[in-house]
Amino acid sequence: MADTGIAALRNSPAAHLAERMRAATVTGARGVTLTELPFLTMVNLRVDPGSEAAARMETALGAPLPRRCGDTTASGDRTAVWLGPDEWLVLSRSDEAPALREALGQAPGSVVDVSANRTTLELSGPSARQVLEKGCPLDLHPRVFGPGRAVSTTVGPVAVLLWQTDDAPTYRLLPRSSFADYLARWVMDAMGEFGAPEVP
């Protein structure tokens with residue numbers, strides 16, 4: 001039976017580009033793939049990292065809140081990404097907000113579901129880093145940026161949260177939803193050259 005609830009009516013910001021993203025896939029030694037991971041839960045946390053409320057949140061998450069720029073921590077399908085000295089983004093497949101609000105209690109801070117604010121594009125394959133290097137100002141060499149690193153930056157002209165998840169390498173790009181179409185098209189264009197033989 002088809003889902004007739006509200007969830008069945010949702011369209012992700014890059015859903016209309018799914019076929020184009022599949023067609024842009026490059027296989028082989030220079031392979032690279034772009035897909036959208038829609039509807040991930042994203043919860044913004046603000047709390048004093050040294051407070052009892054922060055400790056309660058860490059218990060609820062099952063992992064410590066990262067303390068330095070670029071760091072992430074994970075437990076199960078939950079990942080906490082450092083955004084600032086007292087700010088984090090929690091990414092998950094499940095709704096983390098109720099437990100985190102309970103952990104915050106009446107302490108100063110905030111727990112806000114911002115899932116509709118961004119979408120997630122996943123770029124993976126041997127050429128993924130070279131694709132990003134066409135328009136990202138960061139040094140993405142593995143000696144500097146590797147699995148578990150996540151920072152705010154730009155890819156092309158679009159502001160994103162960039163997170164490397166493994167050594168494939170696989171990157172997750174989290175743009176604002178209104179920029180997802182532009183960013184996906186920019187990345188697909190950057191992927192194009194890798195479908196041709198490498199010039200010696």
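How much accessible surface does the protein have, and what share of that surface belongs to carbon and sulfur atoms? The total comes to about 10,200 Å², with 53% of it from carbon and sulfur (Shrake-Rupley method, 1.4 Å probe; for residues, only the protein chains shown count as cover).

## Ground rules

This is a predicted model, so to speak with caveats attached: local features need pLDDT of at least 70, side-chain atom pairs count only at pLDDT 80 or more, and totals for chains, interfaces and linings use all residues. Residues are numbered from 1 along each chain as its sequence is written, and side-chain values use heavy atoms, leaving out hydrogens and water.

## Overall build

You'll find 5 helices and 10 strands here (DSSP runs numbered from the N terminus: H or I of at least four residues for helices, E of at least two for strands). The C-alpha trace spans about 60 × 50 × 30 Å along its principal axes.

Of the 200 residues, 44% are buried (buried is under 20% relative accessible area, exposed over 50%, partly exposed in between, with a 1.4 Å probe and protein chains only). Take the contacts (heavy atoms within 4.5 Å) with a separation of 6 or more: 61% of them join residues 24 or more positions apart.

## Charges

The protein carries 19 positive and 23 negative charges, and their mean positions are 3 Å apart. Lys and Arg count as positive, Asp and Glu as negative, while His and the chain ends are not counted; each charge is placed at NZ of Lys, CZ of Arg, CG of Asp or CD of Glu.

## Salt bridges

The salt-bridge count is 11 (a side-chain nitrogen of Lys or Arg within 4 Å of a carboxyl oxygen of Asp or Glu). R78 pairs with E96, their closest N and O atoms being 4.0 Å apart. Because R78 sits in strand β4 and E96 in the loop between β5 and α3, this pair ties together parts 18 residues apart in sequence. R78 is partly exposed at 21%, whereas E96 is buried at 7%.

R67 and E58 meet at 3.2 Å, N to O; R67 is partly exposed at 45% and E58 is buried at 17%. Within helix α4, E133 and R129 are 4 residues apart, about one turn, and their side chains bridge at 3.0 Å. Finally, R46, D86 and E87 are linked in a network of salt bridges.
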